[in-house]
Amino acid sequence: MSTPARALTPIVILFGRVGDMIMLTSALSLLRRRYGGPCHVVGAGPWNRHLYRAHPDVARCWTLPRHLPFVVTVEWLGVVRALRRSAPAPIYIAEAMPRQVSRIKRLLSVSAVDAARCVFLEEGPVPGEHYIDALLRLAARTPPALASADYPMPGTVSAPRLVTLEAERSQRDTLLRRRGWNGRPIVLIQPGTARTISARSRKRWQGDNDRSWPVDRWRELLHALRERHPQAVLVLRGAVSELPLLEEMREAIGLESVEVAGLGLRESFALMEAAESMISMDTGMAHAAAALGLPVVVIMGANPQSRVLPRGTPGSAVIGVGGPPVTSRADQIPLEAVFDAWCSLPARRSA
């Protein structure tokens, strides 16, 4: 790979959710290799710092609100100062929502950023393009203030990637021993999404949205998994705040051997490294599983697989079930389709 004329620290702005920010890591890798320095990321949600902890392509994260005015937060002045001091580094705006793009443009104006340093995703999107490909196409462009010849493209493109720490693996191993899971194959189940179990839409597992799979189908699926893989630990995974709903779901499933784990992002990443496979709704944790090399079946809602199906690291497997044009809602997907997809997953490397 050619060496850049002068090492720069790209700034990337995206107010995405967990899955979006994981897909962004493909572009962050490309930008770090192009410009010679890890990126600074401006996002929405303090969890981005946890998401990108120890990531080789990210030097720093700032958090701004997704909906509230920027000025109501402590960090916005720090972002403004950083933008003002960042010249001549490129600024990549990976946000596509018109309202958010307008807010970002006002932020850049307040920060007195030269528009010639900026590249926007909104310029020339390709209909039906996978979101990762759109992000990579953005990262391949060069702002007018810089010369493309000085910052050539790297020879290879990376899949989304996440990093775990040795201390996190050690804590995970302690958890496995304490719960008696050590040495047993672990199948993770991610039944919820931010839309199905958020504080504003707690309609149990039958929420009126396209990414809700009926609880009776989850019950039938886990019984089928138990019969097919009797030695496995079946773990309903969710955030700590989701534990009450996960416990309700375990009771409805009616299998004493089903486990529940309420975990944060970092703990979940470490557990995914040790798991055998995962079945997930189309949500951020499915992208995390793929980025960590965990074979995963993804139950799609209204989003087409061609646009948002997670992409895994080399050697991992991701199987999508449903999604347009076959289905428009997760609850249209039969049990057999999900179970057959899981049965077809290749055996994972020894964890």
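Helices (H or I, at least four residues) and strands (E, at least two) are DSSP runs, numbered from the N terminus.

A word on what you have open: this is a predicted model, where local features need pLDDT of at least 70, side-chain atom pairs count only at pLDDT 80 or more, and totals for chains, interfaces and linings use all residues. Residues are numbered from 1 along each chain as its sequence is written, and side-chain values use heavy atoms, with hydrogens and water left out.

Stay on α6 and show Glu 168, Arg 172, Leu 175 and Leu 176, its buried residues. Look down the axis of α6: these residues fall within an arc of 100°, so they line one face of the helix, the arc being that of the directions from the helix axis to the C-beta atoms. Now turn to the other side of α6, where Glu 166, Arg 177 and Arg 178 are exposed (over 50%). Then click Gly 180, which follows α6 and has a positive phi, near 75°.

Next, select the open sheet of 5 strands, ordered β3-β2-β1-β4-β5 with parallel pairing; two strands pair if DSSP finds at least two bridges between them. At its edges are β3 (58-63) and β5 (118-120), each pairing on one side only. Zoom in on β1 (residues 11-13) and β2 (residues 39-43), which pair in the parallel sense over 3 bridges. There, Val 12 has Val 41 in β2 as its bridge partner.

Terms used. Buried < 20%, exposed > 50% of the residue type's maximum accessible area, 1.4 Å probe, protein only.
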